[in-house]
Amino acid sequence: MIEFKNIEKYYGEFHALKNINLTFNQGEVVVVIGPSGSGKSTMLRCINGLEDISEGELLIKGTNLHGKNTNINEIRKNVGMVFQHFNLYPHKTVLENIMLAPMKVLKQSKEEAQQNAEKFLDKVNMLDKKDSYPSNLSGGQQQRVAIARGLAMGPSVLLFDEPTSALDPETIEDVLDVMKKLAKEGMTMIVVTHEMGFAREVADRVIFMADGEVLEDRETVSFFENP
Ligand code: ADP
Ligand code: ADP
């Protein structure tokens, strides 16, 4: 569903992604690990079009992400992203945070957007907080809202950039449980994380990056059995 073909990414002189060739298949959960600065976040941001690539081809469902006639907004509808720091709008309620993009981008009516938002809030066990503001929620609760927001656009893949790294230990499990549930339901997920328990238990594949390169790309069982 997503294909990296000879991708190079430069920030000025800095070579951040070096000849990346990868395929992500529908329904797969792939965990990406590697030291800080190895290019994990850059890779995710290339997939959702937040970053341009310098060379190579990035195909999403057969469409070249950086083709001349590609509508980047069409691609973004297909690619949801969950950030380390939630990025919720502080002056909007939980419900409003989730309804915003579907109304604006997908042109959903207010009623439809609200119905959908409530459905996804229920999925992440946050429906009872729908009228709260983000600042009144724990980090783990905010992150579950952010996941619901990602789902509300109906994406074919959800990207997670260190979704639990900024959380208090006691709220991490709730977020991981939601992610496990999505994986079971067949959601395609690419997850940058340090949570090796999650990787072992949930991932189909583990990719190890260092210094802008993919050094390992293996099935989870093989990854953990022959380190
Ligand atoms: P990771 O997610 O593995 O920690 P990143 O993808 O965030 O790595 O960063 C990879 C490298 O690219 C780092 O050395 C980082 O400093 C650099 N980098 C990331 N974003 C930019 C940017 N916008 N401009 C310049 N350098 C960047
Ligand atoms: P995260 O770990 O949440 O990905 P980072 O601190 O790596 O956050 O990056 C935050 C932002 O700063 C990103 O938009 C990235 O592009 C930018 N950035 C990261 N490293 C550099 C850098 N060396 N020079 C310029 N911008 C950078």
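How far is an oxygen atom of ligand 2 from an N or O atom in the side chain of Ser41? The first legend gives the answer. The model shown is predicted.

**View 1. Polar side chains meet ligand 2.** The Ser41 side chain has an N or O atom 3.1 Å from an oxygen atom of ligand 2. Arg45 places a polar side-chain atom 2.9 Å from a ligand 2 oxygen. For Gln84, a polar side-chain atom and an oxygen atom of ligand 2 are 3.2 Å apart. Ligand 2 on its own exposes 550 Å². The protein buries 25% of that area.

**View 2. Five named residues form the shell around ligand 2: Ser41, Arg45, Glu51, Gln84 and Asp161.**

**View 3. The largest pocket holds about 650 Å³ of space.** Its lining is made of 21 residues. Nearest the centre of this pocket lie Arg76, Ala101, Val105, Arg149 and Met153. Sorted by class, the lining has eleven nonpolar residues, six polar ones and four charged ones.

**View 4. Helices and a strand build the lining of the largest pocket.** Helix H2 (72-78) and strand E6 (79-82) each give at least two residues to the lining. Helix H3 (94-104) and helix H5 (139-152) also supply at least two each. Which element gives the largest share? H3 does, with four residues.

Methods: Residues numbered from 1 in each chain as written. Chains lettered and ligands numbered in written order. Predicted model: local features only at pLDDT ≥ 70, side-chain atom pairs only at ≥ 80, totals over all residues. Heavy atoms only, no water. Near = heavy atom within 4 Å. Polar contact = N/O pair within 3.5 Å; in protein donor to acceptor, adjacent residues only side chain to side chain. Areas by Shrake-Rupley, 256 points an atom, 1.4 Å probe, with all protein chains shown as cover. 1 Å grid on protein atoms, 1.4 Å probe; cavity = no way out; pocket = protein on both sides within 12 Å on 5 of 7 lines; lining within 4 Å. Points joined across faces, edges and corners; volume = space filled by probe spheres on them. Nonpolar A, V, L, I, M, F, W, Y, C, P; charged D, E, K, R; others polar.
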